[in-house]
Amino acid sequence: MITSTSNSHIKSIRKLQEHKERKKTGLFYAEGLRLVGEAIQLDWEIDEILYSQDLLISEFGKKLVKQANGKGIRIVEVSPEVFRYLSSKDGPQGIAIIARQRTFDIDIISEEQGLWVGLETIQDAGNLGTIIRTA
């Protein structure tokens with residue numbers, strides 16, 4: 001178990017908050033039961049799962065850790081203090097991933113000028129409305 005925020009591995013994870021570090025490493029940090037569950041279900045390329053035994057009270061979350069372990073994903077236990085240090089949430093759920101980014105090339109053939117927005121599998125109509133208003 002990692003208990004220090006001064007740990008070099010924890011520092012490298014914390015740096016993933018910076019765009020340039022994500023671009024350099026090709027990794028990203030994501031947390032929460034839903035995101036971790038979807039990443040495992042979709043066979044996303046996950047480098048490791050971070051969890052805090054004390055913060056991970058959900059049975060679903062505990063099953064995710066076991067499922068990831070069964071898939072050979074590296075599991076790293078951290079103290080609640082370390083997890084909170086890494087977390088961007090007010091009430092962290094105690095589970096996160098470090099995963100590989102995916103990039104896609106999109107060929108758009110059009111002579112139209114202007115703003116283009118590409119969306120895939122919208123799950124929340126409210127988010128779609130926000131994107132439309134922002135555009």
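**A predicted α/β chain: sheet, cores and pocket**

Serine 79 counts as buried because its relative accessibility is 5%, where buried means under 20% relative accessible area, exposed over 50% and partly exposed in between (1.4 Å probe, protein chains only). Serine 79 sits in the loop between strand S3 (74-77) and helix H5 (80-86); helices (H or I, at least four residues) and strands (E, at least two) are DSSP runs, numbered from the N terminus. Leaving aside neighbours within four places in sequence, serine 79 is in contact (heavy atoms within 4.5 Å) with Met1, Ile2, Thr3 and Ser52.

The model is predicted, and local features need pLDDT of at least 70, side-chain atom pairs count only at pLDDT 80 or more, while totals for chains, interfaces and linings use all residues. Residues are numbered from 1 along each chain as its sequence is written, and side-chain values use heavy atoms, with hydrogens and water left out.

Turning to the chain as a whole, six helices and four strands make up its secondary structure. Read from the N terminus, the order of these elements is α-α-β-α-β-α-β-α-β-α. The C-alpha trace spans about 55 × 30 × 30 Å along its principal axes. Of the 135 residues in the chain, 32% are buried. Among contacts with a separation of 6 or more, 77% are between residues 24 or more positions apart.

The strands can be followed through their pairings (two strands pair if DSSP finds at least two bridges between them). Strand S4 (residues 95-100) has partners in both S1 and S2. With strand S1 (27-31), S4 pairs in the antiparallel sense over five bridges, and tyrosine 29 has isoleucine 98 of S4 as its bridge partner. Strand S2 (residues 46-51) also runs antiparallel to S4, again joined by five bridges. Within this pairing, isoleucine 46 stands opposite alanine 99 and tyrosine 51 stands opposite isoleucine 95. S2 also pairs with S3, this time in the parallel sense over four bridges, and here glutamate 48 faces arginine 74. Five of the six residues of S4 are buried, so this strand is largely enclosed by the rest of the structure. S2 is likewise mostly covered, with five of its six residues buried.

In soluble globular proteins, nonpolar side chains tend to be buried together. A nonpolar core is a set of buried Ala, Val, Leu, Ile, Met, Phe, Trp, Tyr and Cys residues joined through side-chain atoms within 4.5 Å. The largest such core has 16 residues, and those with the most contacts inside it are Val36, Ile40, Ile46, Ile49, Ile95 and Ile97. Two or more residues of this core come from each of H3, S2, helix H4 (59-70) and S4, with H3 giving the largest share, four residues. A second, separate core holds 14 residues, including Ile2, Leu55, Ala96 and Ile98. Returning to isoleucine 40, this residue touches Ile46, Ile49, Leu64, Gln67, Ala68 and Lys71, not counting residues up to four places away in sequence.

The pocket search uses a 1 Å grid over the protein atoms alone: a cavity is a set of points where a 1.4 Å probe fits but cannot get out, a pocket is an open set with protein on both sides within 12 Å along at least five of seven lines, and lining residues have an atom within 4 Å of a point. The largest pocket contains about 330 Å³ of space, given as the space filled by probe spheres set on the points, with grid points joined across faces, edges and corners. Its lining comprises 13 residues, and Phe28, Leu35, Glu38, Leu42 and Trp44 lie nearest the centre. Strand S1 and helix H3 (33-41) each supply at least two of the lining residues, and H3 provides the largest share, four residues. By class, eight lining residues are nonpolar, one is polar and four are charged (Ala, Val, Leu, Ile, Met, Phe, Trp, Tyr, Cys and Pro count as nonpolar, Asp, Glu, Lys and Arg as charged, and the others, Gly among them, as polar).

Some loop residues complete the picture. Aspartate 43, in the loop between H3 and S2, has a positive phi near 55° although not a glycine, and is exposed with a relative accessible area of 54%. Threonine 121, in the loop between S4 and H6, also has a positive phi, of about 45°, and counts as exposed at 63% relative accessibility.
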